[in-house]
Amino acid sequence: MTQDWLLVETLGDQPMVVAHGRQMKNFVPLAVFLRRNPNLAAIQTAITETVSTGTGLASITPKSKRVIRTEPVQMSDGRIHGVQVWSGPTDAEPPERPIPGPLKWDMTAGEGSVTVEYLINAGMDPDKEALTGRAFVEDIPSRSLNRDESKALSWTIDVAPDRTICTSWDFPDKLGGFRKVGWCARTLIESDEEGKDHLVARAMNLLESVGESASGPEDLARRIVDGLSQPGSYRLIADLENWRPLKWLDDPCPLVDWRGRQQMHPDDDARVRPRMIQELENGSTSGVLRLPGSDGDWVPMHVTVSRMELDNGTQAGLTTLRQPTDAELAEAGLESGDTSS
């Protein structure tokens, strides 16, 4: 076995290697990755025992006299997402172990749970971030474009079990730096406390590097997105079915409580939304909607939505929010500062 730690995902029917050191691997079966390793059976046994007990171990192989060390990667709900494993001479010290961060997205409920380790890897302040009840959009980097993002976003719309993804994204983090983070995820069907089935994505992230700026096509795409930004306008990608935010292309709009489950004023949902949905069949629509405000009141916002394809025909809404003009408010039958319920 190589001298770096392996990160092995254990949620499927066989252990899968998803990282070697800090380099991501795309769900390679452990038996394939270690096909010539004489200690494969012992390593597999150590992983199985670690998943079963939820604790790390150190064991000596009987023939080669090598030590196998494992550490579990456990979500806050107790589920083991993976195991880190290292094997080497009994008198050798393992290299520094990258710390994975597990997270869980309940796509049916539309909320996520993360761990402190996940937040640290993603460049977020654990003292300022919620660990539970998170909106999906909070864990997709804003102001950036990365490969495979369209696939990840489409998962939240076209939900299905038994999907996997392994990728690396670089992005400006919330601490003012720049980092590259790898992550892997698998979708599963799980039952809630009432016995109802939920589509869940369980994932792990891993910090690859800090302080290296992006270059190449993705950096060009990011600069194009930044160049099209306009002061006072806030662009995002949203789910057309429930208008749930999926990804901010600009900094999140500070006027709107985009983390809440209520997406718009009930009257506008009944009166304006049907018209906008019908217009979207032709590609785009716009209107003034009262959205939940960050101060607890309803805030009128001018909303423009255009249809876009994410991945394999999955449709989303490219959306722009801005404060409406007085004329737009009057046309909508509202007045400036109207927050009526």
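Reader: What makes strand E2 (residues 16–20) count as largely enclosed by the rest of the structure?

Author: Five of the five residues of E2 are buried, so the strand is largely enclosed by the rest of the structure. Buried means under 20% relative accessible area, exposed means over 50%, and partly exposed lies in between, with a 1.4 Å probe and protein chains only. The strand itself is a DSSP run of E with at least two residues, whereas a helix is a run of H or I with at least four; both are numbered from the N terminus.

The model is predicted: local features need pLDDT of at least 70, side-chain atom pairs count only at pLDDT 80 or more, and totals for chains, interfaces and linings use all residues. Residues are numbered from 1 along each chain as its sequence is written, and side-chain values use heavy atoms, with hydrogens and water left out.

Reader: What joins E2 to strand E3 (residues 23–29)?

Author: Four bridges again link an antiparallel pair, here E2 and E3. Ala19 stands opposite Met24 in E3, while Val17 has Val28 of E3 as its bridge partner. Two residues separate E2 from E3 in their hairpin, and Gly21 in the turn has a positive phi of about 65°.

Reader: In what order do the six strands of the open sheet stand?

Author: The order is E3-E2-E1-E6-E5-E4, with antiparallel pairing. E3 and strand E4 (57–60) stand at the edges with a single partner strand each, so one side of each has no neighbour in the sheet. From one strand to the next, the twist averages 25°. Angles run from 0 to 180 degrees between N-to-C directions, and axes are lines fitted to C-alpha atoms, for helices over the stretch in contact.

Reader: Which strands does helix H2 (residues 40–53) lie across?

Author: H2 lies across E1, E4, strand E5 (66–74) and strand E6 (80–89), and runs at about 35° to E5. Contact means heavy atoms within 4.5 Å.

Reader: Why is Asp162 called exposed?

Author: Its relative accessible area is 67%, and the limit for exposed is over 50%, so the term applies. Asp162 sits in the loop between helix H4 (149–155) and strand E9 (164–172). Although not a glycine, Asp162 has a positive phi of about 65°.

Reader: What makes Asn312 exposed?

Author: Asn312 has a relative accessible area of 74%, and is therefore exposed. The loop between strand E15 (298–309) and strand E16 (315–322) holds Asn312, whose phi is near 55°, a positive value in a residue other than glycine.

How values were computed:
Pairing = 2+ DSSP bridges.
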